[in-house]
Amino acid sequence: MTSDQGECFVYITLPGEVKPVTAGRYVLTVNRRGEPIGRFVYGRSYLARDDKVEIDPIELRLSERTYETVRLKGIFGALRDAGPDYWGRRVIEKHVGKAQLSELDYLLHSADDRAGALGFGLSQTPPAPVRKFNKTIELEKLQRIADAIVADEQLPGDDANVQIEELLLVGTSMGGARPKAVVEDADGLWLAKFNRDDDRWNSARVEHSMLMLGRACGLDVAFSKIVEAGGRDILLVKRFDRTKAAGGYSRARMISALTLLGTEDSHRGRDRWSYVLLAEELRRISADPKTDAHELFRRMAFNALISNTDDHPRNHAMLARGSDWRLSPAYDLTPTTPISIERRDLAMTVGDDGRRATADNLLSQSLRFLLDRDDAKAILNDMETRVKESWYHTARAQGVSEKDCELISGAFAYPGFHLQPQPA
Ligand SMILES: Nc1ncnc2c1ncn2[C@@H]1O[C@H](COP(=O)(O)OP(=O)(O)OP(=O)(O)O)[C@@H](O)[C@H]1O
Ligand SMILES: [Mg+2]
């Protein structure tokens, strides 16, 4: 067997519970053509439970069959979502001392604080959930370790490996590229996002103010706050997939829009990166298709209005706190300042004119978001006014400096977005 092959058990924390149970078994192997192939089968005792829930409402529905996939190097989308991404992989590689590991190794090495309700292990019975999280009080130390990893430096102090272990316990399995960790306080679990020395502006404060601005524009947004540690600003985003409960945390299932769209991060999957397709897919599984489709339309509009051109499908997710799936709160809203003031493209297709972030393009497929053209137009007008009128005050009120405001000012309601005048 090569290191790209292997197997593990997949655990799940059922709605309302704080301890995982074994949901099934995953095997990664190669087919006759030498391609990686993944197989997943739900356990019989899991299928016999009254409270069972599916891991993925599209690709891994509850059934006795053996599921197979050759996509994504044999990793099912829902399992990929529960694994580490750029940042977590970097930390794990540093810890293991190897440049590249197999997909299965990354899953098995990452900590159990991953987004969603899944866990992975080699034992048929799941281990007890991790109860110890880093506290917000330790943020200064975590920031230092993150800095060292970003700079690819030796970790500070003699107990470097111990520190890596500690960092590994928190945050590696959360996706994304920015340095981050998971921390706990009396209110629950937070995703801590650290500034990098090479950031163009104070990312923590800017992202926090975009989350506030999104809320002011009517979006359902993850709760966030800024804390200072060691003279640095850190963004804390409240985990919406964990709820404090007696004896631990209950967990919501989570799948990314990549999984919903049946696609991947790389350019190969890009033809399916589309808000329009996403609206259709989420309408199939959402317990409230209309509300979620409208919300997705607003998020797409907001991203266009703040030039969030990093709105790739991993930055959208579906969440199931109980048995029902719904669009998750919005997260990772960051402005960019492309050079062109006339033309902006989002990361996903918006309408008939592809990824172009213009009002006309946003309106072109509004029916797929269950909005008639007039209602969609009213939403765009309203959001455009709000963004124009309040981005600056919102940012300043959240401590974004005058200089940073100047740097990001070109992101908002850019000239090329404007609505075509309505015929009388
Ligand atoms: N509040 C939250 N609760 C639960 N999970 C979250 C929350 N915010 C983000 N996540 C998960 O963590 C991942 C990383 O978060 P986020 O996208 O904010 O980080 P990032 O490093 O800035 O990402 P990117 O690489 O897209 O810039 C997300 O893709 C999502 O799966
Ligand atoms: Mg992200």
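Q: Which element gives the largest share of the lining of the largest cavity, and how many residues is that?
A: In this predicted model, strand 12 (residues 248–251) gives the largest share, with three residues.

Q: What makes the largest cavity a cavity, and what is its volume?
A: A cavity is a space where a 1.4 Å probe fits but cannot get out. The volume of the largest cavity is about 130 Å³. Eleven residues line the largest cavity, and those closest to its centre are Pro129, Val130, Phe133, Tyr249 and Arg251.

Q: How many cavities are counted, and from what volume?
A: The count is three cavities of 30 Å³ or more.

Q: How are the residues in the lining of the largest cavity divided by class?
A: Five are nonpolar, two polar and four charged.

Q: Why is Ser307 called buried?
A: Ser307 has a relative accessibility of 1%.

Q: What is the phi of Ser307, and where does Ser307 lie?
A: Ser307 is not a glycine, yet its phi is positive, at about 50°. Ser307 sits in the loop between helix 10 (289–305) and strand 14 (317–320).

Q: Why is Leu370 called partly exposed?
A: The relative accessible area of Leu370 is 32%. Partly exposed covers what lies between the 20% limit for buried and the 50% limit for exposed, so Leu370 is neither buried nor exposed.

Q: What is the phi of Leu370, and in which loop does Leu370 lie?
A: Phi of Leu370 is near 60°, a positive value in a residue other than glycine. The loop that holds Leu370 runs between helix 11 (359–364) and helix 12 (373–397).

Q: How do you know that residues of helix 7 meet residues of helix 12?
A: Contact means heavy atoms within 4.5 Å. On the helix 7 side the residues are Ser209, Met212, Leu213 and Ala216, and they meet Arg386, Ser390, Trp391, Thr394 and Ala395 of helix 12. By class, this contact has five nonpolar, three polar and one charged residues. Arg counts as charged, so Arg386 belongs to the charged class.

Q: At what angle do helix 7 and helix 12 pack, and is the crossing left-handed or right-handed?
A: The angle between helix 7 (residues 203–216) and helix 12 is about 140°, and their axes are 10 Å apart. The crossing is right-handed.

Q: What makes the largest pocket a pocket rather than a cavity, and what is its volume?
A: A pocket is an open set of points, whereas a probe in a cavity cannot get out. The largest pocket has a volume of about 1100 Å³. Its lining has 49 residues, and the closest to its centre are Gly176, Ala177, Lys193, Asn315 and Asp332. Elements that give two or more residues to this lining include helix 2 (77–81), strand 8 (188–194) and strand 10 (232–238). Strand 13 has the largest share, four residues.

Q: What is the volume of the second largest pocket, and which residues are closest to its centre?
A: The second largest pocket holds about 700 Å³. Leu72, Lys73, Arg80, Arg89 and Glu103 are the closest to its centre among 26 lining residues. The lining has eleven nonpolar, four polar and eleven charged residues.

Key. Residues are numbered from 1 along each chain as its sequence is written. Chains are lettered from A and ligands numbered from 1 in the order in which they are written. This is a predicted model: local features need pLDDT of at least 70, side-chain atom pairs count only at pLDDT 80 or more; totals for chains, interfaces and linings use all residues. Side-chain values use heavy atoms; hydrogens and water are left out. On a 1 Å grid over the protein atoms alone, a cavity is a set of points where a 1.4 Å probe fits but cannot get out, and a pocket is an open set with protein on both sides within 12 Å along at least five of seven lines; lining residues have an atom within 4 Å of a point. Grid points are joined across faces, edges and corners, and a volume is the space filled by probe spheres set on the points. Buried means under 20% relative accessible area, exposed over 50%, partly exposed in between (1.4 Å probe, protein chains only). Axes are lines fitted to C-alpha atoms, for helices over the stretch in contact, and angles run from 0 to 180 degrees between N-to-C directions. A crossing is left-handed if the near helix is turned anticlockwise from the far one by less than a right angle, and right-handed if clockwise.
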